[in-house]
Amino acid sequence: MIPTHWFLILSAILFTIGVCGVLTRRNGITIFMCIELMINAVNLTFIAYARQFHQLHGLLFVFFIMAVAAAEAAVGLAIFISLFHHRDTIDVDEANLMHW
Amino acid sequence: MQFAIFFFFAAVAVIFALVVVLHRNPVVGALSLVASFFALAVMYVLLEAPFLAALQVIVYAGAIMVLFLFVIMLLNLQHHPETPTRPVQQFLGYTTSAGFGIALVYYLLKYAVFEKLPEGPFQSDVRAIGITLFERYIFPFEMVSILLLAAIVGALLLSARKGLPPKHPHEVAP
């Protein structure tokens, strides 16, 4: 059996890669994919702790997180399509409609 | 054997995640993210959660990432090269995330090392999950269904163009 903290470290590395992508990229959809990566890192943590403590609640949280991530992806991508129609670009630095 | 599988698929997940962050073409990024999610599904199997591994493959790699690829190709993004990030932002982003990652791993190794593994198999088959889901979590389950309905309506409203006013008042619709 593989120790739980190895999974936690893998999850930490994946989360860090996602943070790095969000901070350094400018393409909106790539930033969105990095957010999905961070969500998956958190899911891995939930499942690792669920096995460590033999609790089903962690697994159910992952279930709900997946549903919320699907809703978030649908709405977020619709926002990017709308932004592309208005600005002809997906660059997040150009999305300054609400900038005063 | 389990350890070999763990290290192989951990390496796969990390390498493809790095490709997502470093590659300029979003199509390549989306496909590497699919590969990374498959490797994570293997991790879920190693953690005795086969139901969630199946969900990961079906929902994430199958549905969400197809939506991403669909939007990338709809907007023809592979022909719009991303403008490079400013060097200051790049430097600050890499150093901040590296410091964050090092701190995270350090504190995990300091406080979250479990010497004792749980004994006995983890009862996480579909039956146990279903009983818990429909007994204790029935209210969040129904809320999630309403949330998904709201997401469908929101996505339709946001991405539909017909019927909306033109973006400039004096513009003549084609």
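## Confidence

In this predicted model, the helix of chain B with the lowest confidence is α5 (residues 126–135), at a mean pLDDT of 90. At the other end sits helix α1 (residues 2–22) of chain B, where confidence is highest, at 94. Taken as a whole, chain B has a mean pLDDT of 87, with 93% of its residues at 70 or more.

For the complex, the predictor reports an ipTM of 0.91 and a pTM of 0.89.

## The interface overall

Chain B puts 88 residues into the contact and chain A puts in 73. Between them they bury about 7400 Å², and carbon and sulfur atoms account for 78% of that.

As for charge pairs across the two chains, the count is one salt bridge. Its partners are R86(B) and D93(A), whose closest N and O atoms are 3.5 Å apart.

## α1 against α1

Now for the helix pairs. Helix α1 (residues 4–24) of chain A and α1(B) have axes that come within 9 Å and cross at roughly 10 degrees. With angles under 35 degrees counting as roughly parallel, that puts α1(A) roughly parallel to α1(B). On the chain A side, the contact uses W6(A), F7(A), L10(A), I13(A), L14(A), I17(A), C20(A) and G21(A). Facing them from α1(B) are residues including F3(B), F6(B), F7(B), A10(B) and V14(B).

Sorted by class, the contact of α1(A) with α1(B) comes out at 16 nonpolar residues, one polar and no charged ones.

## α2 against α2

Helix α2 (residues 28–53) of chain A packs on helix α2 (residues 26–46) of chain B at an angle of about 5 degrees, and their axes are 11 Å apart. So α2(A) and α2(B) also run roughly parallel to each other. Among the residues α2(A) brings are M33(A), E36(A), L37(A), N40(A), L44(A) and R51(A). From α2(B), the list includes P26(B), L33(B), F37(B), L40(B), M43(B) and Y44(B).

The contact of α2(A) with α2(B) divides into 12 nonpolar, five polar and two charged residues.

## Salt bridges beyond the interface

Over all chains, the whole structure has three salt bridges. One of them stays inside chain A: R26(A) pairs with D91(A), the closest N and O atoms being 3.4 Å apart. R26(A) lies in the loop between α1 and α2 of chain A, while D91(A) is in the segment after α3 (57–87) of chain A, so the pair ties together parts 65 residues apart in sequence.

Conventions:
Residues numbered from 1 in each chain as written. Chains lettered and ligands numbered in written order. Predicted model: local features only at pLDDT ≥ 70, side-chain atom pairs only at ≥ 80, totals over all residues. Heavy atoms only, no water. Axes fitted to C-alpha atoms, helices over the stretch in contact; angles between N-to-C directions. Helix = DSSP H or I, 4+ residues; strand = E, 2+ residues; numbered from the N terminus. Parallel < 35°, antiparallel > 145°, perpendicular 65-115°, else oblique. Contact = heavy atoms within 4.5 Å. Nonpolar A, V, L, I, M, F, W, Y, C, P; charged D, E, K, R; others polar. pLDDT = per-residue confidence, 0-100. Buried area = accessible area lost by both parts, 1.4 Å probe. Salt bridge = Lys/Arg side-chain N within 4 Å of Asp/Glu carboxyl O.
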